[in-house]
Amino acid sequence: MTATMIGPALTLALSLVALTMPTWATGPTLTVSADGSVHIFDRDALLARTDVVEITTSRDVAYRTPRTYRAVALAKLLEGVAIPPDAVVEAVAQDGFVTQLPRDLVYANDGIVAYVAIEAADRPWPPIPAKDKSAGAFYIVWLGDQASSVPTMMWPYQIVSLSVQDAPAKRWPSLAVDPMLPALHPARDGQTVFVNKCFTCHTMNQAGSASAGPDLNLPMNPTEYFTDAGLRALIRDPRSVRVWPEQRMPSFAEEDLSDEELGLILAYLNHMSDRKSRATQGGSSKR
């Protein structure tokens, strides 16, 4: 091929490639999946929806001060998605933080409403305090008279996906306490608190989707190398125990984690330290 022919041929080839390539979103996207179906929502398309509203939070977990957002009700975003009564909506963030939103809470609408706040390209949000990034492009916030009762761990920001999943203990059986435990054993309630407060960043027996923190049973359970007082201090305020530049574990104020709940977590961890042999059995691997 002569030099004079290369230019037109290359132009034609590139044109054909452009015609066959899929159209990709130019901005951030939020993936919603359930029952094998996947929906990808582009930020600008979400902001153009007719059900976008302006909301103002009174309690904002990320910014710690009231803020106004453009948002879509989470229930609206999940319209047409089947969520079984015992299932959860799993929200995954950019940094590996994962939280499980109970179905009943998503659809409560009784003093509590969940919204997906959307950061517009031409109106960027400020950085989160003590961080170098904003809470965008997608941030789940809660409004209503009872919004203050929603745990801080259920206000995930920088989320990239939402998916309908089985409840954690059903999805990963190795999370569960020994079924022979007495009904009122504190480790039972501790399992629930652990899933709500700790499972967002940590795994247990290699079970879970989070990757922000280490596994809390393998190779050693923290109750095996911390004193009771030291572990309580670490959970309450990690920087009171050890500090390093990449430290990400948040502190838990009394309003976010009561002393009773902290004790239940320790009871669960203590109990699970004797259940490592179950870590490789069905349902325990990450997926």
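**Notes on the predicted model**

1. Helix α6 gives the largest share of the lining of the second largest pocket, namely four residues. The structure is a predicted model, and the points below should be read accordingly.

2. The second largest pocket holds about 210 Å³ of space. Its lining comprises 14 residues, of which V88, A167, P168, V195 and N196 are the closest to the centre. Two or more lining residues come from each of β5 (87–93), β6 (98–102), α5 (168–171) and α6 (186–197). By class, the lining has eight nonpolar, four polar and two charged residues.

3. Helix α6 also packs against helix α8 (residues 259–272), at an angle of about 105 degrees and with the axes 7 Å apart. Angles of 65 to 115 degrees count as roughly perpendicular, and α6 and α8 are therefore roughly perpendicular to each other. On the α6 side, the contact is made by P186, A187, D189, G190, Q191, V193, F194 and K197. From α8, the contributing residues are E261, L264, I265, A267, Y268, L269 and H271. This contact of α6 with α8 is made up of nine nonpolar, three polar and three charged residues.

4. Strands β5 and β6, which each give two or more residues to the pocket lining, belong to an open sheet of five strands. The strand order is β2-β1-β9-β5-β6, and the pairing is mixed. The edge strands, β2 (37–42) and β6, each pair on one side only. Neighbouring strands of this sheet are turned against each other by 20 degrees on average, direction ignored.

5. Within that sheet, five bridges join β5 and β6 in the antiparallel sense. V88 has P102 as its bridge partner in β6; V88 is also among the residues closest to the centre of the second largest pocket.

6. Another open sheet has four strands in the order β3-β4-β7-β8, paired antiparallel. Strands β3 (53–56) and β8 (138–143) stand at its edges with a single partner strand each, so one side of each has no neighbour in the sheet. The twist from one strand to the next averages 50 degrees.

7. In the four-stranded sheet, strand β4 (residues 68–73) and strand β7 (residues 113–118) run antiparallel and are joined by four bridges.

Key. Residues are numbered from 1 along each chain as its sequence is written. This is a predicted model: local features need pLDDT of at least 70, side-chain atom pairs count only at pLDDT 80 or more; totals for chains, interfaces and linings use all residues. Side-chain values use heavy atoms; hydrogens and water are left out. Two strands pair if DSSP finds at least two bridges between them. Axes are lines fitted to C-alpha atoms, for helices over the stretch in contact, and angles run from 0 to 180 degrees between N-to-C directions. On a 1 Å grid over the protein atoms alone, a cavity is a set of points where a 1.4 Å probe fits but cannot get out, and a pocket is an open set with protein on both sides within 12 Å along at least five of seven lines; lining residues have an atom within 4 Å of a point. Grid points are joined across faces, edges and corners, and a volume is the space filled by probe spheres set on the points. Ala, Val, Leu, Ile, Met, Phe, Trp, Tyr, Cys and Pro count as nonpolar, Asp, Glu, Lys and Arg as charged, and the others, Gly among them, as polar. Angles under 35 degrees count as roughly parallel, over 145 as roughly antiparallel, 65 to 115 as roughly perpendicular and the rest as oblique. Contact means heavy atoms within 4.5 Å.
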